[in-house]
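Here are a few friendly notes on how the two chains meet. Please keep the model open beside you as you read.

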Amino acid sequence: MKTAKLTKSASQAHKPRVMGKRKVTAGVMAVLGSALASGCISVNAPNEPIVIELNINITQEVIYRLAGDVQQNIEANPEIF
Amino acid sequence: MAGISSRSLKTLLGGMLAVGLVLPSPAVAQRDPAYEAARQAGQVGEKMDGYLGVVGSQSGAIEAMVSDLNIKRRANYAERAQAQRATLQEYAFTQGCILIARTQPGEKYQAPDGSWQTRGSGPPQRDPRCP
């Protein structure tokens with residue numbers, strides 16, 4: 001694009017460079033704005049309850065001791081298992 | 001001809017007997033049909049702690065059923081644990097190990113990481129302490 005030349009070779013009253021700067025500033029503002037908008041921390045409550053491991057103190061020894069009774073329990077009360 | 005028909009009759013009788021013996025098989029036959037259906041549909045699953053869990057969001061009827069069964073399980077565990085001189089948690093956890101091992105393919109169970117898994121043809125993912 002050709003820029004219009006002034007008939008009198010004096011400094012331009014309006015410099016297009018300023019326009020560019022403003023454009024950049026506007027752009028930066030827009031980016032910042034959107035970044036701020038999307039940067040909001042949203043906290044969503046989980047649907048599932050938080051499971052806290054409470055079984056760490058149960059020893060394998062106890063589990064093996066109880067396993068036989070547990071099997072009998074299933075056969076004795078099949079309706080709840 | 002007569003031999004074939006008598007043999008087929010025997011097979012038929014044998015088959016009927018077998019069906020008669022197999023149908024009232026333990027556990028599965030004595031579960032409430034609604035509970036059995038919910039298990040097969042993967043709407044409820046066996047948790048590591050020995051209780052049932054609702055998988056995802058299900059109807060109020062299913063939630064109420066799970067809650068009811070868990071209350072019954074808890075009472076049962078408390079009684080059994082006392083007889084075995086174990087804690088309620090120890091007994092319930094052991095029961096969870098066995099119940100997860102007994103799940104049928106397609107049913108849901110809780111893996112050690114807490115996630116719901118669908119039982120496949122292979123063994124389920126269980127706590128390393130499980131027998």
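The points below go from the interface to the core and then to one helix pair.

1. A word on conventions: this is a predicted model, in which local features need pLDDT of at least 70 and side-chain atom pairs count only at pLDDT 80 or more, while totals for chains, interfaces and linings use all residues. Residues are numbered from 1 along each chain as its sequence is written, and chains are lettered from A and ligands numbered from 1 in the order in which they are written.

2. On the interface, 26 residues of chain B contact 21 residues of chain A (C-beta atoms, placed from the backbone, within 7 Å). On the chain B side, α3 (60-83) and α4 (88-101) are the elements giving two or more residues (helices are DSSP runs of H or I, at least four residues, numbered from the N terminus). The largest share, nine residues, is from α4(B).

3. The largest nonpolar core has 24 residues, and those touching the most other members are A:I63, A:L66, B:V44, B:Y91, B:A92, B:F93 and B:C97. Such a core joins buried Ala, Val, Leu, Ile, Met, Phe, Trp, Tyr and Cys residues through C-beta atoms within 7 Å, buried meaning 20 or more other C-beta atoms within 10 Å of the residue's own. With seven residues, α4(B) gives the most to this core.

4. How do α2(A) and α4(B) pack? Their axes, lines fitted to C-alpha atoms over the stretch in contact, lie 8 Å apart at an angle of about 70°. The pair is therefore roughly perpendicular (65 to 115 degrees). Residues meeting here include A:I63 and A:L66 in α2(A) and B:Y91, B:F93 and B:C97 in α4(B).

Key
Two residues are in contact if their C-beta atoms, placed from the backbone, lie within 7 Å. A residue is buried if 20 or more other C-beta atoms lie within 10 Å of its own, exposed if 12 or fewer, and partly exposed in between; C-beta atoms are placed from the backbone. Axes are lines fitted to C-alpha atoms, for helices over the stretch in contact, and angles run from 0 to 180 degrees between N-to-C directions. Angles under 35 degrees count as roughly parallel, over 145 as roughly antiparallel, 65 to 115 as roughly perpendicular and the rest as oblique.
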